[in-house]
Amino acid sequence: MNQKRPPGHTGCHGPQAGYPVPSTSYTILPAVYPAPPADYLHAGPAVQNQPTYTQPGRPAVVPWVPAPLLPSNCPPGLEYLNPLDLLLIHQKMELTEVIFGFESNNVYEIKDRFGQRIYIAAENTNFCNRSCCGPSRSFTLHVLDNMSREVITLKRPLRCSSCCCPCCLQEIEIQAPPGVPVGYVTQIWHPYLPQFTIQNEERVDVLKITGPCFMFSCTANIDFQIKSLDKQTVVGGISKNWTGIFREAFTDTDNFTIQFPRDLDVRMKAVMLGACFLVDYMFFESTIGKG
């Protein structure tokens with residue numbers, strides 16, 4: 001059944017020439033954006049017409065974001081990202097991994113600022129790959145919407161992880177829909193700072209990402225800034241959130257916040273999601289040195 005769009009609604013932002021950087025500067029949390037809900041690690045707070053259902057002895061059921069209308073010129077499934085300027089990424093904890101120490105496929109929940117689930121991201125790698133290559137492993141992440149449709153595919157090849165080697169650096173490809181590349185995140189060699197370039201589907205540089213020198217912090221977030229190509233304007237950020245001493249010391253489950261301009265092209269928002277997963281695997285997948 002077709003639904004009429006409200007007057008003046010133009011749908012998803014179409015591709016912007018060269019994806020120009022918005023003039024508004026963005027500041028890393030918490031200066032501009034409110035902090036993530038305190039309970040989003042489990043189930044986000046209920047919102048109007050989307051209650052959080054609970055049953056005695058069972059965990060709360062996290063509500064899904066209602067499926068929006070599909071605007072024109074927008075890859076199917078990315079319409080969820082159109083009105084957003086912030087995403088919350090919650091990695092699920094696997095008890096078998098905690099108890100036995102065997103690395104399992106990662107599973108993530110992707111939510112909006114109200115704790116409503118937008119996507120589920122599931123890793124697809126074999127046991128040998130996870131055991132032998134560890135955090136440096138190649139992987140494919142399948143991102144599913146509330147109808148279990150794969151709307152985004154993330155592919156990371158096996159690359160060098162040493163800061164002493166300036167070649168074969170880390171990279172991730174973002175496809176939306178699966179099989180159609182919309183962008184890439186490539187590592188820039190630097191002796192001690194993590195740096196990346198966000199590229200569009202034609203591998204044209206669009207934005208830069210710069211991280212801190214030290215990847216550990218006690219009770220504080222670790223922030224990666226998303227900047228314009230000249231690195232003069234901060235347009236967003238990726239923050240690895242502190243999750244408590246137990247999780248930080250004994251597990252590799254992490255939570256992230258991604259912030260970006262609301263009017264940014266949805267394809268670039270999907271690429272920033274891929275950048276977050278690449279950062280997680282490169283710097284926070286191992287429990288050694290975390291926190």
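A residue is called buried here when its relative accessible area is under 20%, exposed when that area is over 50%, and partly exposed in between, using a 1.4 Å probe and protein chains only. The model is a predicted one, so local features need pLDDT of at least 70 and side-chain atom pairs count only at pLDDT 80 or more, while totals for chains, interfaces and linings use all residues. Residues are numbered from 1 along each chain as its sequence is written, and side-chain values use heavy atoms, with hydrogens and water left out.

As for confidence, pLDDT is the predictor's own score for each residue, from 0 to 100. The chain averages 77, and 68% of its residues reach 70 or more. Residues 26-53 fall below 50, and this stretch has 71 contacts in the model beyond near neighbours in sequence. A contact means heavy atoms within 4.5 Å.

The chain has four helices and 12 strands. Helices (H or I, at least four residues) and strands (E, at least two) are DSSP runs, numbered from the N terminus. Of the 291 residues, 48% are buried. Among contacts between residues at least 6 apart in sequence, 52% join residues at least 24 apart.

The 12 strands make a closed barrel in the order 1-2-3-4-5-6-7-8-9-10-11-12, with antiparallel pairing. Neighbouring strands are turned by 20 degrees against each other on average, direction ignored. Two strands count as paired if DSSP finds at least two bridges between them. Axes are lines fitted to C-alpha atoms, for helices over the stretch in contact, and angles run from 0 to 180 degrees between N-to-C directions.

Now for some of the pairings. Strand 3 (residues 117-123) and strand 4 (residues 139-144) share four bridges in the antiparallel sense, and Ala121 has Val143 as its bridge partner in strand 4. Thr140, also in strand 4, is buried with a relative accessible area of 16%. Leaving out residues up to four places away in sequence, Thr140 touches Ala122, Glu123, Asn124, Thr125, Thr153, Leu154 and Lys155.

Leu154 turns up again in the next pairing, with Ile174 of strand 6 as its bridge partner. Strands 5 and 6 run antiparallel and are joined by three bridges. Four of the five residues of strand 6 are buried, so this strand is largely enclosed by the rest of the structure. Strand 6 also pairs with strand 7 in the antiparallel sense, over five bridges, and there Glu173 is partnered by Tyr184. The hairpin of these two strands has five residues between them, and Gly179 takes a positive phi near 95 degrees. The loop between strand 6 and strand 7 also holds Pro177; the peptide bond from Ala176 to Pro177 is cis, with omega near -5 degrees.

Further along, Arg203 sits in the loop between strand 8 and strand 9. Arg203 is not a glycine, yet its phi is positive, near 60 degrees; the residue is partly exposed, with a relative accessible area of 38%. Strands 9 and 10 run antiparallel with three bridges between them, and Lys208 stands opposite Lys227 in strand 10. Six bridges hold the antiparallel pair of strand 10 and strand 11, where Gln225 stands opposite Gly237. Their hairpin has six residues between the strands, and Lys231 takes a positive phi near 60 degrees there. Lys231 is partly exposed, at 35% relative accessible area.

Of its 19 residues, 17 are buried, so helix 4 is largely enclosed by the rest of the structure. At 1.5 Å a residue, helix 4 should span 27 Å, and its end C-alpha atoms are 26 Å apart, which agrees; the expected span is 1.5 Å times one less than the number of residues. At the N-terminal end, Asp265 caps helix 4, with a side-chain oxygen 2.8 Å from the backbone nitrogen of Arg267.

Back to Phe196, which lies in strand 8. Neighbours within four places in sequence aside, its contacts include Val185 and Ile188, Leu207 and Ile209, and also Leu278, Val279, Met282 and Phe283. Phe196 and Gln170 are 26 residues apart in sequence and 9.0 Å apart in space, C-alpha to C-alpha.

Note on methods: Polar contact = N/O pair within 3.5 Å; in protein donor to acceptor, adjacent residues only side chain to side chain.
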